[in-house]
Structures are given as structure tokens and as C-alpha cells.
Amino acid sequence: MTRETKGKETCTNAKAVPDATPKGILVPLKTTLETRARGSLLDVYVTSVPVKQASGALEVIRRLLPGDGGVDLQHLRRFAKARDVPDAVREAFERARVEVLGATELLLIVGSTNAISSAVVAEELSVIVNDAVIFSIQVPRLAPTSQEQATLWSSQYWPTVYKKSNPFGPHPSIVSRTEQEIHGEVGKWMDLASEVARQADGTGSGETVGVVIVERKNGIGHPVAVAGDARWVGWPSKGAGNVTAHAALRAIAMVADGVKATSESAQTFNAVSASVTQPEFKADPADQDHFDLSGTVAGYLCHDLEIYCTHEPCVMCSMAILHSRFGKVIFQYRMPKTGGMCADGDLGHGLFWRKELNWTLLAWQWIRSSNGQSFELADFHA
Amino acid sequence: MREALAMAELALSTNETPVGCIFVHQNTIIGRGMNATNASYNGTRHAEFIAISDIFSSTDPEGKKKYGSKVLKECDLYVTVEPCIMCASLLRQFGIRRVFFGAGNEKFGGCGGVLNVHVANGATELQGEGGDGEDGAEKGGERKRHEDDYEVSGGWLREEAILLLRRFYVQENGRAPEPRRRGKEERVVKMDVEPLVEGKKKGG
């Protein structure tokens with residue numbers, strides 16, 4: 001899971017590279033759903049119904065288990081003919097009834113075995129079907145992500161439908177289109193974030209963590225805030241330090257306060273050094289009169305802005321990025337023990353894309369291909 | 001909790017999401033906060049952050065900081081709504097001792113609602129089935145205590161906290177981004193609060 005970047009490398013031949021923008025590749029993060037429970041199975045009850053009673057039986061079930069008891073079965077055919085189900089399902093049926101399924105009968109998925117008992121189902125169905133046979137089989141819990149998978153599952157478990165989308169994360173075409181848009185600039189913003197990270201470390205302000213927030217207009221990115229970690233400013237340099245002074249939170253506060261650097265790097269760097277020494281705690285977060293609301297894309301928080309981080313943000317900062325409605329997050333170093341974005345780290349939160357949260361964004365790890373300088377990684381919260 | 005609710009009332013009166021909190025250290029309130037996301041244009045200015053700023057910026061008459069960096073390790077937080085994932089992580093990293101909250105937070109909650117940041121930083125136990133793999137919110141039982149884990153207890157003056165939120169949400173939040181707004185025009189405050197289902201209550 002941890003990639004490259006163990007130990008310190010030194011910057012060797014920076015001058016030999018003609019193009020100053022460092023190259024690298026963007027690796028889209030996997031969502032929690034993409035990484036977890038992919039092959040997992042669900043036990044469901046299945047019953048047989050005569051074709052003519054099929055809709056009546058389904059009605060009974062819908063009434064009995066509204067919304068299928070909270071289990072999504074949209075990727076499975078609800079009814080199946082005997083010849084369309086795998087042998088295992090037919091055998092399970094025959095074990096339950098000691099009789100072959102008739103040609104005028106359909107098999108029907110009742111629902112998750114956790115949601116209801118077979119006795120209740122049999123009783124409710126008795127108005128439609130006499131002595132309904134109810135047995136349980138295993139079906140894929142989640143929708144397939146390719147036609148091949150759907151075909152395989154149909155032959156193994158139950159007729160399964162592929163719906164040409166990615167129900168577990170951002171649509172692949174959106175991800176690749178966005179990569180096209182940003183990939184030429186990622187190295188530049190990551191260099192700036194690294195620079196401010198080194199400043200934070202060099203001045204003793206904080207850990208070697210830096211963040212750049214970029215606004216994209218007509219395809220061109222402009223930095224709107226640059227911040228280094230400042231957890232040790234005014235704090236004893238041990239323990240967690242001032243948790244509210246993590247780089248991402250500081251950068252978000254700068255956008256909010258209307259601190260806008262222009263795309264000219266000189267001015268950007270002035271803003272950087274000014275901000276690193278700026279004390280974090282203000283008596284009052286007032287003083288927003290100069291904040292130009294129309295300056296951000298939608299005039300709401302950091303709506304659809306891009307945030308470039310040297311390190312995967314901690315759980316707090318990851319959620320702060322969601323609360324601020326960012327559109328994209330790109331970081332260089334994974335933080336497997338403390339990071340909130342990756343779904344395949346130790347914590348497994350995958351906060352950038354979770355259906356239950358009211359905001360999702362696109363997320364990438366950027367892997368630098370040139371021999372740049374890398375930071376020594378520790379287990380702190382970035 | 002009454003003091004926290006008073007902060008939430010204050011937030012409501014200034015057009016902020018009505019969430020309020022207080023930090024208590026040795027039986028004394030040392031910090032108060034209320035949600036300030038609208039006034040600050042900053043979606044991270046939740047009550048907990050405001051209160052912590054309050055604590056660490058307060059000075060004695062000689063201008064020296066009143067509280068050391070470790071004071072939160074001896075503090076209990078009383079907050080009207082379950083801390084969100086961000087705040088739950090903030091509290092964890094500062095080493096909070098205990099959290100009492102009113103209403104649960106199924107949308108963003110970091111102390112049982114969505115994640116359990118207070119236990120093992122919300123790490124998902126990969127072994128075992130663990131329900132849907134969606135929320136592991138109510139598995140209860142004993143778990144190994146990890147460093148920086150903190151006690152959480154919910155449901156305190158929950159009805160009042162919920163009614164405050166409802167009063168807010170019938171108002172229009174003019175700054176909410178366009179796609180998230182729908183059908184607020186006809187909303188009225190429902191006055192009855194469904195009782196907490198047993199087993200939903202977050203134990204310490």
C-alpha cells in the first residue's frame with residue numbers, strides 16, 4: 001500500500017531537465033465500495049410462483065418488505081425462468097420441493113434472509129400461492145462493474161444485470177476527462193506545496209506539509225491560497241501540536257478570509273511567508289468586508305476548487321475539504337495510518353466518495369516520475 | 001447541556017446552523033462555541049473549533065495564556081449535536097476526555113452517525129462480516145481501547161436540539177449551493193420528535 005518514497009532522496013539533476021514542470025502520473029483513488037465487499041454475497045429467500053400469479057406475489061412482497069428492507073437488489077433480475085438460473089439454484093429448489101420446477105413457474109427473489117423469516121413470507125404468500133416453497137440461495141450483494149462480471153455472476157449465482165455505470169464511484173469518463181484537464185499543471189502546484197512544506201519545517205512552524213488551493217477558470221488554474229503546516233507556532237513542539245493549524249485548514253481559512261494570491265509566483269511567495277508566521281488564533285473571525293464573493297466559482301465556500309496537498313490529509317482535514325465543497329483533491333504521499341481520503345489505507349474511510357455523505361469529489365494520488373526530493377514519512381496527522 | 005443549547009439558540013438568532021457547545025474543565029466552563037460557517041464563509045467553523053479557539057486565546061490579566069496545550073485532555077465537551085467527522089477527529093487529536101451530545105448526526109456524524117472516530121479513529125474492522133460494511137455504528141460490545149479513544153454519550157436534551165435544527169431548516173439558507181436546495185418553501189416545523197429507538201443510543 002505504501003508506495004515509493006521511503007527514506008530521503010536528494011535532488012540530483014534538476015538542472016538537466018529542460019522542462020521545469022515535474023512529471024508524474026495521477027492515480028485515481030478507489031472508493032470504499034470499490035475496495036470493500038466487492039465479491040461479497042448475500043443470502044436471499046427465493047420462492048416459486050406460477051407465471052400468472054407473478055405480479056400479485058411481488059406486490060405481496062413489496063408490501064411485506066418495503067424497499068426490500070434496505071437492501072439494494074436492482075442489479076438482479078427479480079424473476080427468473082428455470083432454464084435461466086444456474087444449476088445450483090435449480091438443485092436448491094428441488095431439494096426444497098422434491099419436484100422439478102414447472103414450465104409455467106417462475107422463481108422470484110423474496111428478499112434478504114436477514115430482513116424477514118421464511119415462515120412470515122409463506123404465510124403472506126398463501127393468499128396467492130398454496131404451500132409456497134421457500135429456499136435460500138446466495139446472490140452478489142453489489143452491482144457488477146462490467147458485462148463480463150455480470151455474465152459470470154449470472155452463471156454462478158443468479159441472472160445479474162450490468163448497467164454501464166460505476167455505482168461505486170465517480171464515472172470513469174469524468175475521471176479521465178478531469179485528468180486531461182489538470183495533469184499538465186499538477187507538478188507545478190505540487191512543487192509549490194512542497195516548497196511551502198519545506199518552509200514550514202525550516203522555520204520550525206510545523207511538520208513538512210504544504211497545501212495549495214487552485215481555482216480553475218477556462219481551463220487555467222490560478223492559486224488562491226498557499227499554506228504550510230503551523231502546528232508548532234506558539235505550541236510546545238511535541239505531541240499533536242495545534243491541531244487547528246494543519247495546512248489544509250489554514251489554506252481553507254485563507255480562502256474564506258479572502259487572502260488571494262495572484263498567479264505571479266513572487267506575490268504567491270510573499271503570501272506564503274506572511275501566512276506561515278501568522279498566528280493561528282484570532283480573537284474573532286471577523287474582518288471579511290474585503291472578501292469578494294464573486295471571486296470564487298460559485299460564491300460558496302471553496303466550491304469546486306482544487307486542493308493540492310503534499311500529504312494525504314488526516315481525517316479532520318479530509319472532512320474539512322468535504323465541508324468546504326472542493327471539487328478535486330490531489331496529494332503526493334499516502335498516509336496509511338492517519339489519512340482520511342484513501343479507502344485502502346489502515347482506516348479505510350475513503351471520505352472523498354461515500355454515498356452517505358452529502359458531498360463527493362474526485363481524488364488522486366500523484367506519483368512523481370522524476371527524481372524529485374521526497375520527504376521522510378512519519379505517522380503524524382497531515 | 002443547557003449551556004450548550006443556549007449557544008445554539010444564539011447561533012439561530014444570528015442565522016447560523018444552531019449547534020452550540022461548551023468545554024468543561026474541573027467543573028468550570030472554559031470555552032463556548034457556536035456554529036459560525038455563514039459569518040466566516042468557512043465551512044469548517046463548527047462550534048467545536050470556535051470553542052477551542054476561545055480556550056486557547058483566553059489570557060489572564062497579565063496577558064499570558066490561561067490554558068496549556070494539554071488542557072483538553074482533562075476536558076469534557078457538551079455539544080447539542082453529535083460532532084461531525086471533522087470535529088470528532090479534531091477532538092481525538094487534541095485528546096478530549098469525554099463527549100456528551102444531544103441529537104445524533106446521521107449525515108456527518110463522527111461519533112457513531114457515519115464513522116466511529118472516537119474508537120480507533122474509526123478504523124473499519126476488516127475481519128468478520130460486520131453488517132453491511134456501510135456503517136458499523138451499532139456493534140456495541142467491548143473493544144480494545146486505543147490511545148486517544150474517548151467516551152461518547154448521546155441523547156442528552158436531544159429533543160430540544162432537534163427542534164432548534166428544525167426551526168433553522170425551515171428558514172432559507174441563501175448561501176447553500178444551488179443543487180442542494182429544494183422544496184424548502186413549504187416546510188413547517190414539525191413539533192413532535194420520534195423517540196430514540198433502543199439500540200440506536202450510542203453507549204460510552
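Colleague: Why are α9(A) and α4(B) called roughly antiparallel to each other?

Modeller: In this predicted model, α9(A) and α4(B) pack at an angle of about 155°, with their axes 8 Å apart. Angles over 145 degrees count as roughly antiparallel, and α9(A) and α4(B) are therefore placed in that class. The crossing in which α9(A) passes α4(B) is left-handed.

Colleague: Which residues make the contact of α9(A) with α4(B)?

Modeller: From α9(A) come A:Val315, A:Met316, A:Met319, A:Ala320 and A:His323, and from α4(B) come B:Ile85, B:Met86, B:Ser89, B:Leu90 and B:Gln93. When the residues of this contact are divided by class, there are 7 nonpolar, 3 polar and no charged ones.

Colleague: What makes α7(A) and α9(A) roughly parallel to each other?

Modeller: Here helix α7 (residues 247-256) of chain A and helix α9 (residues 315-323) of chain A pack at about 25°, and their axes are 9 Å apart. Since angles under 35 degrees count as roughly parallel, the conclusion is that α7(A) and α9(A) are therefore roughly parallel. Their crossing, too, is left-handed. The contact is made by A:Ala248, A:Leu249 and A:Ile252 of α7(A), together with A:Cys317, A:Ala320 and A:Ile321 of α9(A). By class, this contact has 6 nonpolar, no polar and no charged residues.

Colleague: How many residues of chain B are in contact with chain A, and how many of chain A take part?

Modeller: On the side of chain B there are 32 residues, and they are in contact with 36 residues of chain A. Both α3 (47-57) and α4 (85-94) of chain B supply at least two residues of the side that touches chain A, and the largest share, 6 residues, comes from α4(B). Sorted by class, that side of chain B has 16 nonpolar, 13 polar and 3 charged residues.

Colleague: Turning to the sheet of chain B, what makes β2 and β5 its edge strands?

Modeller: The sheet is open and has 5 strands in the order β2-β1-β3-β4-β5, with mixed pairing. The strands β2 (28-34) and β5 (151-153) of chain B each pair on one side only, and they are the edge strands. From one strand to the next, the twist averages 15°.

Colleague: How do you know that β1(B) and β2(B) pair, and in which sense?

Modeller: Two strands pair if there are at least two bridges between them, and β1(B) and β2(B) have 6 bridges, in the antiparallel sense. Within this pair, B:Phe23 stands opposite B:Gly31 of β2(B). The hairpin of β1(B) and β2(B) has 2 residues between the strands, and in it B:Gln26 takes a positive phi near 45°.

Methods
Residues numbered from 1 in each chain as written. Chains lettered and ligands numbered in written order. Predicted model: local features only at pLDDT ≥ 70, side-chain atom pairs only at ≥ 80, totals over all residues. Contact = placed C-beta atoms within 7 Å. Helix = DSSP H or I, 4+ residues; strand = E, 2+ residues; numbered from the N terminus. Nonpolar A, V, L, I, M, F, W, Y, C, P; charged D, E, K, R; others polar. Axes fitted to C-alpha atoms, helices over the stretch in contact; angles between N-to-C directions. Parallel < 35°, antiparallel > 145°, perpendicular 65-115°, else oblique. Left-handed = near helix turned anticlockwise from the far one by under 90°.
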